[in-house]
Amino acid sequence: MAGLVVIFDFDKTIIDCDSDNWVVEELGINHLFTQLLHSLPWNSIMDRMMTELHNRGKTIEDVEKCLKKVPLHPSIASAIESAHAFGCDLRVVSDANVFFIETILKHHGLLDCFSEINTNPSLVDEQGRLRILPYHDFNSSPHGCNICPSNMCKGLVMEKIRALVSADGKKQLVYVGDGAPDFCAGLKLEEGDVMMPRKDFPICDLISANPLLTKAKIHEWSDWEELGANLLSTVNNALIDESSNTRTDQLVPLDCKYQNTLISATAHEALQKALPVSPPH
Ligand SMILES: [Mg+2]
Ligand SMILES: [Zn+2]
C-alpha cells in the first residue's frame with residue numbers, strides 16, 4: 001500500500017525502556033551519567049559515556065551484547081511485521097543513535113521492515129570506540145525549536161520526511177511516540193493524519209494543554225497490544241479507502257486474528273507471506 005507512512009519514535013515507544021539509560025545502567029556507569037546531566041546535553045553525555053566504557057576496557061561487542069538484552073514486546077514486533085507486509089512505509093525518528101537502534105531492531109528481525117532510520121549518527125573510531133554525534137550541527141545551524149533538544153528537532157525531521165514521501169503523491173502519515181519532541185513532530189501532522197501518543201507520558205500532557213495545535217486524529221495507547229490494534233485498524237481503513245476505487249470482487253475476507261475486515265487480494269497475499277505458517281506434518 002503506497003499511501004500510508006508510519007513514523008515511530010524508538011525509546012519508550014518501540015521498546016519500553018530508554019536504550020541510553022539501559023546501556024549506562026547495565027554497564028555500570030549510571031552514576032557518572034547522572035553527574036553530567038546538568039552540565040552537558042544528553043547527546044554529548046552519551047558520546048562521553050562510550051569513551052568512558054572504552055577506557056574501562058568495555059568493547060563495542062560488550063555494548064552490542066547489552067543492547068541485545070533490551071526487551072521488545074511481541075505485539076509491537078508483529079504489528080510492525082504486518083504493517084510492513086501490507087506495504088506501509090515504516091520509518092524511525094529517534095534521539096538515540098544508529099548503532100543502538102539498528103542493533104536492537106536487527107536482533108528482533110525487524111530492521112528490514114524500516115525504510116529509513118532518522119537518528120543521531122554513530123561510528124566506530126580507529127581505537128574501536130563508539131562515537132555518538134548530533135543529528136543537527138547545533139553550532140553552525142541551531143534549529144531554534146524550544147521543545148526539542150539542540151541536537152535534534154523532530155518537527156524538522158518530519159518536514160523532511162513529508163517532502164520526501166510526498167514526491168509521488170499525497171500520503172497519510174501516522175506518528176507514534178511518547179515524549180515532548182514527539183509532540184513537536186506531531187505538530188507537522190495534517191488533517192487526515194493520525195497521532196498515536198503513549199498514554200500517561202509527556203506527549204499526552206502537551207496535547208491536552210494545546211488541543212488546538214494538533215490537527216491529526218488522536219489514538220492513545222497504553223500497551224503494545226493496544227498500539228498494535230490501533231495500527232492495524234488504521235492500515236485497514238487506509239486499505240478500504242484505497243480499494244473504494246477497486247472492484248469489490250477483488251476484495252477477500254481476511255481469515256486470521258484480524259477478522260471482519262476486507263482487504264485487497266495483493267495485500268492479503270503479502271500478509272499470508274508474513275504470517276508464520278505451521279510446518280507440514
Ligand atoms: Mg521516546
Ligand atoms: Zn522541535
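A residue counts as buried if 20 or more other C-beta atoms lie within 10 Å of its own, as exposed if 12 or fewer do, and as partly exposed in between, with C-beta atoms placed from the backbone. Keep that handy for what follows.

The model is predicted, so local features need pLDDT of at least 70 and side-chain atom pairs count only at pLDDT 80 or more, while totals for chains, interfaces and linings use all residues. Residues are numbered from 1 along each chain as its sequence is written, and chains are lettered from A and ligands numbered from 1 in the order in which they are written.

**Exercise 1.** Work out whether D9 is buried or exposed, and which residues D9 is in contact with.

*Step 1.* Find D9: it sits in the loop between β1 and α1. Helices (H or I, at least four residues) and strands (E, at least two) are DSSP runs, numbered from the N terminus.

*Step 2.* Count neighbours. D9 has 25 other C-beta atoms within 10 Å, so it is buried.

*Step 3.* List contacts, meaning pairs whose C-beta atoms, placed from the backbone, lie within 7 Å. Skipping neighbours within four places in sequence, D9 is in contact with V93, S94, V176, G177, D178, G179 and D182.

**Exercise 2.** Find what UniProt lists for D9, D11 and D178, and how far apart they get in space.

*Step 1.* An unreviewed UniProt entry annotates the three as "binding site". Positions there use the numbering used here, feature names are shortened, and annotations may be inferred rather than shown by experiment.

*Step 2.* They spread over 170 residues of sequence yet cluster in space, with a largest C-alpha distance of 8.4 Å.

*Step 3.* Check D178, in the loop between β6 and α8 (180-186). D178 is buried because 22 other C-beta atoms lie within 10 Å. Leaving out residues up to four places away in sequence, D178 touches D9, K12, T13, R198, F201 and I203.

Key:
Contact = placed C-beta atoms within 7 Å.
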